[in-house]
Amino acid sequence: MRAGKSAPAAILPFLWLALFFAFPFILVAKLSLSETALAMPPYAPRLDWSQGLAGLKAFFTALDGETYGRLTKDSLYLAAYLSSLRIAATGTGLLLLIGYPIAYGISRCPPSVRQALVMAVILPFWTSFLIRIYAWIAILKPAGILNAALATLGLPPVDILNTETAVILGLVYAYLPFMVLPLYAMLERQDESLIEAAQDLGATPLKAFWQVTFPLSIPGAAAGALLCFIPMAGEFVIPDLLGGSDTLMLGKVIWTEFFANRDWPAASAVAIVLLATLVVPILLFERQQAKVLS
Amino acid sequence: MKRGPSAFNIASVVLGLAFLYAPIVILVIYSFNASRLVTVWGGFSTRWYTALFQDAQMLDAVWVTLRVGVLSATLATVLGTLAAVALVRGGFRGRTALAGGIYATLVMPEVILGLSLLLLFVAAGLPRGFWTVTLSHATLTLAYATVVVQARLATFDRHLEEAAQDLGCPPWKAFALVTLPGIAPAVAAAWMLAFTLSLDDLVIASFTSGPGATTLPMRLYSQVRLGVDPKINAVSTLLIGLVATGVIAAYLVQQRRRSTR
Amino acid sequence: MTDRAQHRPQIGGIRSSFAPWEDPAARPLVRFDGVSKAFGDTVAVTGVDLSIYEGEFFALLGPSGCGKTTLMRMLAGFETPDGGRLMLEGRDIQADPPHRRPVHMMFQAYALFPHLSVAQNIAFGLRRQGLPKAQIAARVEEMLALVKLEGLGKRRPDQLSGGQKQRVALARAIAPRPRILLLDEPMAALDKKLREETQFELMTLQQTLGMTFMIVTHDQDEAMVVADRIAVMREGRIAQVGRPAEVYETPVDRYVAGFIGDVNLFEGKVAATNGPILRLQSDDGVFDAEGAAAVGDHVWLAVRPEKIAVYPEAPGGPRNLLAGKILDYGYLGDWTTYLVEIAPGRTIRAARANATRVVDRPLGCGDPVWLSFAPSSAVVLTK
């Protein structure tokens, strides 16, 4: 590509993202160093421009890491942090296990069918996320459809609503298309003759899969895993609706601190911690995408 | 072993799709349930639909949501198309930063995005409401719109635009006369996706919305928390029907166009 | 425009009377003046001087990556030279964007607008010129007739065959009457037979219109057939410019000799000179050749296979005689080519016209043969 060219098309989106995406993070970081106050908005200090440089100085001296100190003292935050990562990791692992056979199955179908199947995978994604999760409440609750079905089969009922199991189930359900599609994209692009060559050279179909198809699909699996893991670690709706009060996740903590406790500095500090944890996966994801693009 | 799906392949796909669709199907069925109880089938009824259309708050939320959706999707599509053009053409300083911003938005947990946008509006002294939600949704969906348009542009024959320039079009006109018609389906898909995402978003709307701008997901969320209300099934079925019709129609139009060529 | 065409009444033959490049008073239509271009660390074109004259059919020939496409794209305005000047009709056009240049291009994969009909594609450039509607319609019809696509104006590009697409692309590029038409590998996507037909059609068209054509190709046969002059490019430089016959018969170096056609090279030192004849001492033997070089110079003799005579028995008389045995041969119908081993690991290509019917193969693998060539058939190369 030619270097050093101006790109007028880039200017507007660039400014937009700078203003609405990058800049607000500075505000979050700043707020995480502030304290709660009985005011609107409920934090202090606030920058007082009328005092000029002195105001700026007073503002900076009032910032401290006290909020972070509070986070380390309360074991709830650490527990939420660890269970967020654990749940997101478990979910990602399950998604790989479930998503791979689906993506592979679609890629083995004739092209005309393939397109319709991809469509079928995407379609639920176009329907309301909240409502799809809501549907799971009706299925999983003690007197719900799952238990009714189990009862007709003569099996004992299960009580998984408001547990971590339900949260993981919900995550796997909601993020499945995000795992299947990158995997499928990678598998579909694969040259059929590679498999034929492997079999021609004496590999059984299963060997050919493990030695050719699978290694070549790893970038797709990585993209899918990152695409799911990162937002899952900060997920709010699913743990809130399916996890009950016992399941702790950072997304829920931020929400509660902000809306219920009106503790904006704490919400910001938790957001910063989450963001710091996700920086590496996000950078990996970006590198992966950049490679796909070029 | 010839190519083609094996029994295992077919089973994986069928089970996967069943998993994806079962909750939706159940929801639709129970929206016509006369009984209030989820597990009890009380006979076919449309009473929840009637109740829904008498719920002024719900209808109000639908109206807000649609307006936010149309405006934010349009903004996001324009910005996303520009960003996609810039990214695919490449070669400018700040390309990495732009791409980085786009992909980061794509995976950023919504709570973080919502909180940071809220703080921006507070700092700017903007009253929260319809416009702050619209701007926030445009920011969220801009990334998705970019990715969709970018995928199409990447395979778009660059020589077509050069041919137009060669025949006397200044660059912007070549884009309008040749590139835009070529990527129009992708631009439309980007808009649809942005619109759906906006329609669907609870978290960012909750952070950035204010009084008088309660969106449908916000309304649904508060109802869900209060307990199961079959009216939600009815709303959901209507939404599912709307989206399914739209997507399938778009798909058929595209197939038709392809086959007439 | 048409007065030039009148100089050249013949179609398809060698146009010996048309040679503006030999006229010092003639002003070139296009002039590359020390033009260079690099992409990052890769040098695409370096120090190219080239003049193209009105009415000429000019070919840029070279392997892929030699810079020929970059050179063409600079003329179209899609690449900006890093150094040197680029003149059209005596005016520096480097600052002009592509859409302001009276230079049109036929793209390799045609780049037909898929959402427009054939007629709309052809009208595209005309509409940009702001011609009145009726005039555009008339010109489109004229162009469709010219490329023999009457009645197909309403079709979409994807309803056309490869050959038809190629002609629409051609019509679209010539419709606005450019000062020069650029053709980027115009026949690369066609099969061999269609390619040959199209080559002759292009030549006819170029002469009917009296337009200047510049073609980029990697196919030496194509360049030889269509072009008035060929510029052979190598690694961003022009290796040689000349008429097809000049480039073939008197290549300036081993690269050009080898790129255009097959060639046998004999490497050695000049042992003696006698007037126009020099004597080469090489590992393959002693050869006489016509050429200018001083005693002691390190030179190569380049001899085309068809200029090497093949004898089944030792002939008496001819100079530059080589003995060997046939390693392999290929019967091509009109010609038979022989691969002759003259020493272990050293082979020579020779070709013989099958002037008489070959009923019982007189020569086959392993047969001993004698080869010779005339001193005037060899070209002496110093690099």
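Which residue of chain C forms a salt bridge with B:Glu162, and how far apart are the closest N and O atoms? I looked this up and found C:Arg73 as the partner, with the closest N and O atoms 2.6 Å apart; a salt bridge here is a side-chain nitrogen of Lys or Arg within 4 Å of a carboxyl oxygen of Asp or Glu.

Before going on, I noted that this is a predicted model, in which local features need pLDDT of at least 70 and side-chain atom pairs count only at pLDDT 80 or more, while totals for chains, interfaces and linings use all residues. I also noted that residues are numbered from 1 along each chain as its sequence is written, that chains are lettered from A and ligands numbered from 1 in the order in which they are written, and that side-chain values use heavy atoms, with hydrogens and water left out.

Entry on chains C and B. I found one salt bridge across this interface, along with five residue pairs in polar contact, both residues at pLDDT 80 or more (a polar contact is a pair of N or O atoms within 3.5 Å; within protein, one must be able to donate a hydrogen and the other to accept it, and residues adjacent in sequence count only if both atoms are side-chain atoms). I recorded 22 residues from chain C and 19 residues from chain B in the contact, where contact means heavy atoms within 4.5 Å. The two chains bury about 1,800 Å² between them, with 63% of it on carbon and sulfur atoms; buried area is the accessible area (1.4 Å probe) that two parts lose on being put together, summed over both.

Entry on chains B and A. Here I recorded 90 residues from chain B and 94 residues from chain A, and a buried area of about 8,200 Å², of which carbon and sulfur atoms give 79%. In chain B, the residues that lose the most area to chain A are B:Phe19, B:Leu20 and B:Val107, together 8% of what that side buries. I counted zero salt bridges between these chains, but the rule finds six residue pairs in polar contact, both at pLDDT 80 or more.

Entry on one residue. I looked at C:Gln199 and noted that it counts as buried because its relative accessibility is 6% (buried means under 20% relative accessible area, exposed over 50%, partly exposed in between, with a 1.4 Å probe and protein chains only). Leaving aside neighbours within four places in sequence, C:Gln199 is in contact with C:Met187, C:Glu222, C:Val225 and C:Val226.
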